[in-house]
Amino acid sequence: MDRRILLNNIAVPGIRTFEVFRSTGGYLSVMKALKEMTPDDVIEEVKKSGLRGRGGAGFPAGMKWSFLDKKSNKPRYLICNADESEPGTFKDRFLMEKIPHLLIEGMICSCYALGAETGYIYVRGEFKYIVGILNEAIREAYQNGLLGKNILGTSINLDIHVHSGAGAYICGEETALIESLEGKRGNPRIKPPFPAVVGLYGSPTVVNNVETLCNIGFIVNQGGSEFARYGVGKSTGTKLISACGNINNPGVYEIEFGLSVREFLYSEKYCGGIKNGKELKAVIAGGSSVPILPANLILKTAAGEERMLSYESLAEGGFVSGTMLGSGGFIVFDEDACIVRNTWNLTRFYHHESCGQCSPCREGTGWMENVLHRIENGLGKARDIDLLVSIAAKIEGNTICPLGDAAAWPVASAIRHFRHEFEEHVLHPESCKNSAIRQLDNVQIRRLENV
Amino acid sequence: MGVALVAILLVFKDIVKDIVGVALVAILVLSNEIIKNNGIMLDKIITHPLHEKKNSTVCFSETALFKVQQIIARYPSGKQKSALLPLLHIAQEEFEGYLSVDVMDYVASLLNIQPIEVYEVATFYSQYYLERVGKNVIEICRTGPCAICGGEAIQSYLEKKLAIKTGETTPDGLFTLKAVECLGACGSAPVMQINTEFYEYLTTEKIDKILADLSSKAKEEKPEKSLWIEEFF
Ligand SMILES: Cc1cc2nc3c(=O)[nH]c(=O)nc-3n(C[C@H](O)[C@H](O)[C@H](O)COP(=O)(O)O)c2cc1C
Ligand code: SF4
Ligand code: FES
């Protein structure tokens, strides 16, 4: 269970440069695709591979591609979503920083398959140095005839540009990203129409995550069915998991789907166990938006089976006892971590990042933040816990984009699995180890009392 | 009874009007007070210096103007507005690290769009500063994964060390401290970013050293501009 697809050559010195990347077999897929395959062949292989989007939703990439409006005579676009801002996720940064040509290779094959002559890489504003690395890789690709006019002597033209964001989590949502790329505020659009029909500048557009696109080269080279031999069931291939929190070896790991969570968490090869010999308390397995699970439920499903890292296994039990693979941001909490404080923290994050278009999200996240702040600061009332549950339920499913759900799920799941901690905070606020952090002045307290 | 009441009301209608008016005003004043003292929402009112137009002449440097042309060329013709976000980054580099109204109006003219289209973008994204900032903008990550790895302690240490609160600038204009959301580097928590540079696995000792280095660098020369423009191409 430790075969790799993406990071096989990551340790080769100089892999960031074109020469070295090419010497490890890089860009062969571009030659194969352009010279031996039709665009539809490429799409067919991607469908066969079962590759699912690595940005969070896990939607099958081949299927998304086949929705692209073929009848439209407008230009088509491919956008690479490199906005990576989901708390706990830092895998795309790793790929782009260490092996940028893998992304360019994947994008060339994808643009060929989609008939796009322009591709944009939307990088979050904080990753300014990545912009430099990507631009250098793109320059090398142009120099070697892999981008520009008549790629490799064919009639195919393709330009790839890097576009920088400016600090807004919501621009990771694909329609907000498109708005942002058009030079506007990152307000998500109402769907349908989906970007595949009306996307960038009203043209058919595909938005894919960095990691998704990095897999395309392998699929073209080795074939979709070879890709599908990796992983388990409908979770084909491998996944980059970015592990952080209270563990010994935080970092980015490529795992083959089907690895057990226990092995991932405790083996020296991966997380290396909980830091300072502490006990595991909880895990958020797929970036801050997915439901948090307590130690017993992340290691084993409610039915008592070993929990695996795969779309299906993590989702086993629905939201009652399961969670989601999400973006692969694996956040580990030890026995000392305060779930109430963390839930307040994440809710503050969503409140801050809400674009403000829909009232359930804009107001709901604010109310949840205020109520959680009150509980965390020892002024909570018993009814607040149910109040939170009801606010979360009212946000969920009632918003334009999934940020509303993403804000509701952490609160709902934290209360579902750690209700006793919330109650303890209400009844005996001084018992929490974090109580020393609290230094409220009177005005703040007065405000809290009136929530 | 009813007739009597109407008669009294008619006779004293002016007085009644006054009483009602006074009561209304009192209710308004009182509720305002209540909101002011207790209102959670009030601290969300945003005041920003969008009204401070100085009408100074603003112009990018030659190099920057060249970059602007190259950036606009990346987007289809007629879609030059797409260049807005990258251009605002350059504008901040060119003009003391923040966007004044004059600068934003200038960017609007470069892209042939309305100033309001620039303002609405500049107020949306957290990396655009509408007010003067220090030479070094320290952005400390305060989100969950960093927080459980000691990020909160680092933030209070920075406040103590710089003797300012988060959001403020030191009197010498050297440092602005900002708290930001996840920087996408949670594996090396706690993390902060200063200008374009990431600083990871932070400890109080590291903070001491970083601040000392930046302070002495500022004394020697004008601190280097961040690599943004250089790295762009
Ligand atoms: C609030 C929000 C934030 C998102 N952030 C990201 C992100 O940072 N990176 C990303 O690849 N996808 C993100 N997504 C998912 C995208 O909307 C979209 O599903 C994804 O880019 C599709 O690519 P994929 O099919 O290759 O996964 C986000 C979605 C939402 C609702
Ligand atoms: S759910 Fe929130 S972030 Fe999404 S569109 Fe509505 S207000 Fe904006
Ligand atoms: S939480 Fe601090 S970098 Fe992600």
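A: Of the 233 residues in chain B, 44% are buried; this figure, like every other one here, comes from a predicted model. The secondary structure of chain B consists of ten helices and four strands. Read from the N terminus, these elements follow the order α-α-α-α-α-α-β-α-α-β-β-β-α-α.

In chain A, burial can be followed at individual side chains. A:Met107 belongs to helix 6 of chain A, which covers residues 100–114. Its relative accessible area is 0%, and A:Met107 is therefore classed as buried, since that class requires a value under 20%. Leaving aside residues up to four places away in sequence, A:Met107 touches A:Leu78, A:Cys80, A:Gly119, A:Tyr120, A:Ile121, A:Ile160 and A:Leu213. As for distance across the chain, A:Met107 and A:Leu280 are separated by 173 residues in sequence and by 40 Å in space, C-alpha to C-alpha.

A:Glu45 is placed in helix 3 of chain A, residues 39–49. This residue also counts as buried, because its relative accessible area is 17% and the limit is under 20%. A polar atom of the A:Glu45 side chain lies 2.7 Å from the backbone nitrogen of A:Gly224. With residues up to four places away in sequence again excluded, A:Glu45 touches A:Met37, A:Ile219, A:Gly223, A:Gly224 and A:Ser225.

At the level of domains, chain A is divided into domain 1 (18–229), domain 2 (236–334) and domain 3 (339–450). The centres of domain 2 and domain 3 of chain A, taken over C-alpha atoms, are 24 Å apart. Between these two domains of chain A, 15 residues of domain 2 are in contact with 13 residues of domain 3. About 1200 Å² is buried between domain 2 and domain 3 of chain A, with carbon and sulfur atoms giving 67% of that area. On the domain 2 side of chain A, A:Ser289, A:Ile292 and A:Phe319 supply 41% of the area buried against domain 3, more than any other three residues.

The surroundings of ligand 2 complete the account. Ligand 2 is surrounded by 13 residues, of which the closest are A:Cys355, A:Gln357, A:Cys358, A:Cys361 and A:Cys401. By residue class, the shell around ligand 2 comprises eight nonpolar, five polar and no charged residues.

Key:
Residues numbered from 1 in each chain as written. Chains lettered and ligands numbered in written order. Predicted model: local features only at pLDDT ≥ 70, side-chain atom pairs only at ≥ 80, totals over all residues. Heavy atoms only, no water. Near = heavy atom within 4 Å. Nonpolar A, V, L, I, M, F, W, Y, C, P; charged D, E, K, R; others polar. Helix = DSSP H or I, 4+ residues; strand = E, 2+ residues; numbered from the N terminus. Buried < 20%, exposed > 50% of the residue type's maximum accessible area, 1.4 Å probe, protein only. Polar contact = N/O pair within 3.5 Å; in protein donor to acceptor, adjacent residues only side chain to side chain. Contact = heavy atoms within 4.5 Å. Domains from an automatic or database assignment. Buried area = accessible area lost by both parts, 1.4 Å probe.
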